[in-house]
Structures are given as structure tokens and as C-alpha cells.
Amino acid sequence: MKRRRGAAARGAARPLLLLPVQAALLIGLGGLVTGPAAHHWPLAVEDRVPRALAEYRDAPVLITVSEWLSALGSTQVVVGLTLAALLALLRLPRVALRREALFLGAAVAAQSAVFVLVTAFVERPRPDLPRLDAAPPTSSFPSGHVGASLALYGGLAVIAALRLRGPWRPAVMAALLLVPPAVGLARVYRGMHYPSDIAGGLLNGAATLLITASVFLHGRHRSTPRPPHGPHLPAQAATADARGGRTELVVPTVLVVRHPYGCPDDLAERLRAVLEGHGHPHREQRWIRTTAERPAGALTEELAARRPALVVACGGDGTLRACAELLAGSGIPLAVVPCGTGNLLARNLGLPLDPAAALDASLAGDSHLIDVGRVRGDGLAPTRFTVMAGAGFDAAMVKDASPRLKSRLGWAAYVLSALRHLRDPSVRLTIRVDGARARRRRARMVVIGNVGTLQGGLPLLPGARPDSGHLDVVLFDPRGPAGWLAAATHLLSRLLRRHPPLPAAAARTEAGGALEYFTATRVDVRCARPQPRELDGDPVSDGTRLTAWIEPGALRVQLPRTTAVREGEEERHGNSPTRTAAPRRAR
Ligand SMILES: Nc1ncnc2c1ncn2[C@@H]1O[C@H](COP(=O)(O)OP(=O)(O)OP(=O)(O)O)[C@@H](O)[C@H]1O
């Protein structure tokens, strides 16, 4: 496996061999510009341009503006901004931005290496007129300022094109792409370069961007990623189909993760047929079974071997969580097939609850980016969740729901279990929201949600949406029968009257204090004594701490044309101006 990955990495890095070719071409061009072509049009007359621009040096504002623009391409600014951008890209809570950081760092470094090499061979004097900057000892051809600024600002524009959504994207890209030509103009104005030097710098920057993007970004952002075809297939990724004497290489493009109890053989057959109906023939499907120890089966190994066009998860929220853990940040779309007891993610995404219908509708729809929560705590390594993380009453209920009753009664088994825990005592805790001061509270349960609706449409977290960019938190502390009644009445009235989603707010209480809500991008809960804890309906070890944070838009899911996410989009554009995060429709 390691050898295969090493070979794949070497293959992907092969375009870097073009960098010496790029340097050789630029040296050749430099020789042409300073040699045979120097006395021919347009090079023979291009010194008129800096001379003409120099006529306008009596305007102090132009001198200042050109100085600022020129500084944008200077070594100090380019190095400083590149380091700052790398830091930001690496610290953003999406693992996939590491590739973008590698791309940007490599583009700036490679451009500068090629530039240094070229200027060691090419010697072109600067324009013969008074200059506004001290002339560096390097050749006038090509412009280092322009090459460096195209590598940096052009690289950032590429990242913006891949990562930004909404109306800002073209504006940000245009602003970034305008910088290198503006730097070029400033350099000519200041008497530092001829126009052909600027063209050389642009060529150097553009070629470096093309090469580094093909190494570091290729294949990461296609809307329907395809596995590799042809003779470069890793041997193990291909299976031979020797029908009719022909040997044909076949790569599974769809990985189907199946919980064998939630998705038994007859249902698997129906799902297979749905996939075939959507253009994924049997031979392109690879089915993986989950086990108690490996809730995503061999998905890790399969993803390491090849990049599928789609992953289909057939199971409950636990199976989905295990798949989301591996797919977050990858851009690979996940189709959610509800085959569990609670199926809360499917419910909250507005999917049909019949597994075959959900798969059919999802495959006919589009892919969208949704948020994923991440949580850690004492005895709990950082883990992603798509629905909710909780401690206290809900976790005790999940923990004690008998598997036998679950298989017989479905989610009613959770209700029976809940009744047993109604009298569980509350716990003292502190909650810290987005780094603010810790607040002391008592609660029977704390739930941190990426989505907020429970079985039967009960809106536990009425403001939660899977693409809001934040987590919604509720502390549940009904005091006595009156408190329970107030809480139940409040939730039921929300359910029956279908209130519009609540605006994001730092904190608010409802039902006489029985429910306290927060929104946060990061929340830290510490309980005075160990509590049962759960993630997406699966019990995890008891403990005192839960620290959760949001990974906005980290998971690409395949959704039907009309879903909770799409409806929210309409709502936001219509009568719900309070929301801020736009649903991210994947391209
Ligand atoms: N083959 C298997 N045998 C026994 N347990 C399994 C197997 N595969 C997965 N599991 C366990 O099942 C759990 C995940 O179940 P999942 O959440 O998908 O279904 P569920 O519990 O019926 O649904 P829900 O979470 O909606 O109630 C994981 O804890 C995993 O360890």
C-alpha cells in the first residue's frame, strides 16, 4: 500500500520537472530580447513607454500610488504576505486547505527560484532614464516584482476561485488578479523596467502557477470527481473483466458502506438497482460492510486506494458519522441512505425516510456543502459529528435503549428509555461560548447540535441548520413537574405552530428558564461530575468535558432538489433576514 501511494505521489509531482524547462525557455527568451530581437520592432522602440510615463512624474499622487503598488511586489511584502496567508490557510478549520497552502508556498518559492536562475544567465540593463527606486543588481528581464506578485496574488485568486462562494468570489478574484498588471505598470512608470520585462515576469508567474496547481490542486475540486483511467491505474485499483475474451479495466466509482443489520441483503439489492438506474453499473459499485469495531468498514483503505465519485452510506446516524469523519474536507460527495433507528441527519436534511427513495432523490439532486461539528473531551479523542453531541439525560437515554427493543419498536425504544431517566439529577456545569467568560449553570442535559430536529419533528434546537456555520447549544434544566410541563409545552408549540427558525443569538432562555440556548463556533462544557455522553446517537465513554467546534461546509452531501437546506435558502432570501450563513451549493 505504502509503495503504491509513493508511486502515486511521485506521478503527481512529475509536472515539477517542467520548472527547469520553464527556466530554460525564459533564458532563451531573455537571450532573444537582449540579442537578435533587440533591434527589431517592438523591442527597438519599447523604451518610449517608460519615457512617456516619466512625463507624468510631476504628480506626487502618482508617485505615491506607484510606490505602493511597486511595494506590493517587493520581496519583503511578498514573503510576509505569503507567510501570513500560509498561516491562515493552515489554521482554518478545514484540513483540505493544507493542499492550498502547499500550492501557494510552492508557487511563490518556485517562481522566485526560476527568476534567480534566469537572471544569472540574462543580463539586460535597466531603462536609460532617471529611476525612482534603487536598481537591484539583477537583470531587467524578467521583472521579479511582477513574477512574484502573479505567483502570490494569482495563487490567492486560484484559491478564492476554488474555495469562496457567493457574490464575493468574482470581486475578490478580480481584485487579486489586477495586482500583478498594476505592479507592472508601476514598475515601468518608475523607470525600472521595459514592457517586455513585465511580459517576461507575467510569463514566469503564470507558468509557475500552472505547474504548481497541476501538482497540488489537480483533481481536488472537480464537481464529479472521476477515478483515474487508463494505463496509470494502480494495479490493485483495477479489476479485470474477462467477459467475451476481452480484458477491460474496471474501477469502482461508487463506494457503498452498508450496516448489515440496518441494510439487509434484500434492501441492498434494491439500492444496487437504484444506483444502476442512475448510471452506476454493478461493476462500478464496491460494497463495504460495517462491523461493530469498524463502523465505516474498510472505507479508510478504500479511500487510500482510489478517489471514488461518490460514497453512499446505508445505516443509521452512527454509520453516517463514521463515514463523515473520513470524508470531511475531501470534497467527495456522500449520499445519505437512512437505514437506522433515529435517522436524524436524514430527517434534518429533508430526505425521504424510505432508503431507496432517499437514494433515488439524492442521486437526482445536487451536492451541497454542510457543516460538521468536531468534539473532544476527557477520554474522547477529536471526533466529528453531523447531528448532535450530548451529555446527561439524552446520552443516558441512548445508552440504555435496548438493541432488542430498538429492532422491534424503532425509535419508540428511546422513549421508553427516556421515561426511566426522567428523574435523573441535574449536574453543575460551566459553559464557555466562543472564548467568553465561563457561565455557571445546572442542567440535566447539554446538547450541542449541527442540526436541531428530533424524531417526530420535535425542534430541540429550533435555530440549528446544517449550513449555518455555527453550532447551536441547549442546556435543559426543567425544575419539578411545572418545569417539565413548561419545557414540553414550549417545544410542542414550536412543533405545532411551525415557527420560522430563530435568529442566531449569543444566549436566550425559554420556558421559564427550562431551556437555555446559545450559538457558538466553539463551546466548552465542563461538568462537576462524569456524565454519560453521546455522539449522533451512539453512546461514548462517560466524562466531564465536551469541547466542540464547527467545521463550516466541510462535508459535501448529495441532496434532493427540494430539501431542508434548499428551503432554508429560499426562506433566507424571503422572510428570514436574520440568518447570516449562506448554504453552500457545491459546484
Ligand atoms: N456488523 C455489525 N455488527 C454489530 N454492530 C455493528 C455492525 N456494524 C456497525 N455496528 C455498530 O452499529 C453502530 C452504528 O449503528 P447506526 O447508528 O448506523 O444504526 P442505529 O443505531 O440503528 O441507528 P440510529 O443511530 O439512527 O439509532 C456503531 O456503534 C457500530 O459499532
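Q: Which residue stands opposite Asp-472 in S13?
A: Gly-449 is the residue opposite Asp-472 in S13. Before going on, note that this is a predicted model, in which local features need pLDDT of at least 70, side-chain atom pairs count only at pLDDT 80 or more, and totals for chains, interfaces and linings use all residues. Residues are numbered from 1 along each chain as its sequence is written.

Q: How are strands and their pairing defined, and with which strands does S13 pair?
A: Helices (H or I, at least four residues) and strands (E, at least two) are DSSP runs, numbered from the N terminus. Two strands pair if DSSP finds at least two bridges between them. Strand S12 (residues 445-449) pairs with S13 in the antiparallel sense over five bridges. Strand S15 (residues 515-520) is also antiparallel to S13, with six bridges. Asp-472 stands opposite Thr-519 in S15.

Q: Is strand S13 buried or exposed?
A: A residue is buried if 20 or more other C-beta atoms lie within 10 Å of its own, exposed if 12 or fewer, and partly exposed in between, with C-beta atoms placed from the backbone. Six of the six residues of S13 (residues 471-476) are buried, so the strand is largely enclosed by the rest of the structure. Leu-471, Val-473 and Leu-475 cover one side, and Asp-472, Val-474 and Phe-476 the other; all are buried.

Q: How many residues of strand S6 are buried, and how is S6 paired?
A: Strand S6 (residues 334-338) has five of its five residues buried. On one side these are Leu-334, Val-336 and Pro-338, and on the other Ala-335 and Val-337. Strand S5 (residues 310-315) runs parallel to S6 and is joined to S6 by five bridges. Within this pairing, Ala-313 has Val-336 of S6 as its bridge partner.

Q: What does Cys-323 touch?
A: Two residues are in contact if their C-beta atoms, placed from the backbone, lie within 7 Å. Leaving out residues up to four places away in sequence, Cys-323 touches Val-257, Ala-296, Leu-299, Val-311, Ala-313 and Leu-334. Cys-323 lies in helix H12 and is buried, with 30 other C-beta atoms within 10 Å. Its C-alpha atom is 5.6 Å from that of Ala-296, 27 residues apart along the chain.

Q: Which residues come nearest to the ligand?
A: A residue is near a molecule or strand if its C-beta atom, placed from the backbone, lies within 6 Å of it. There are 18 residues around the ligand, and Gly-316, Gly-318, Thr-319, Gly-340 and Thr-341 come nearest. Helix H12 (residues 317-327) gives the largest share of this shell, three residues. For composition, Ala, Val, Leu, Ile, Met, Phe, Trp, Tyr, Cys and Pro count as nonpolar, Asp, Glu, Lys and Arg as charged, and the others, Gly among them, as polar. The shell has three nonpolar, 13 polar and two charged residues.

Q: How are two packed helices described?
A: They are described by the angle between their axes and the distance between the axes. Axes are lines fitted to C-alpha atoms, for helices over the stretch in contact, and angles run from 0 to 180 degrees between N-to-C directions. The axes of helix H2 (residues 18-34) and helix H9 (residues 195-216) come within 10 Å and cross at roughly 170 degrees. H2 is therefore roughly antiparallel to H9 (angles under 35 degrees count as roughly parallel, over 145 as roughly antiparallel, 65 to 115 as roughly perpendicular and the rest as oblique). H2 contributes Leu-18, Leu-19, Gln-22, Leu-26, Leu-29 and Val-33 to the contact, and H9 contributes Ser-196, Gly-200, Leu-203, Asn-204, Ala-207 and Ile-211. Eight residues of this contact are nonpolar, four are polar and none is charged.
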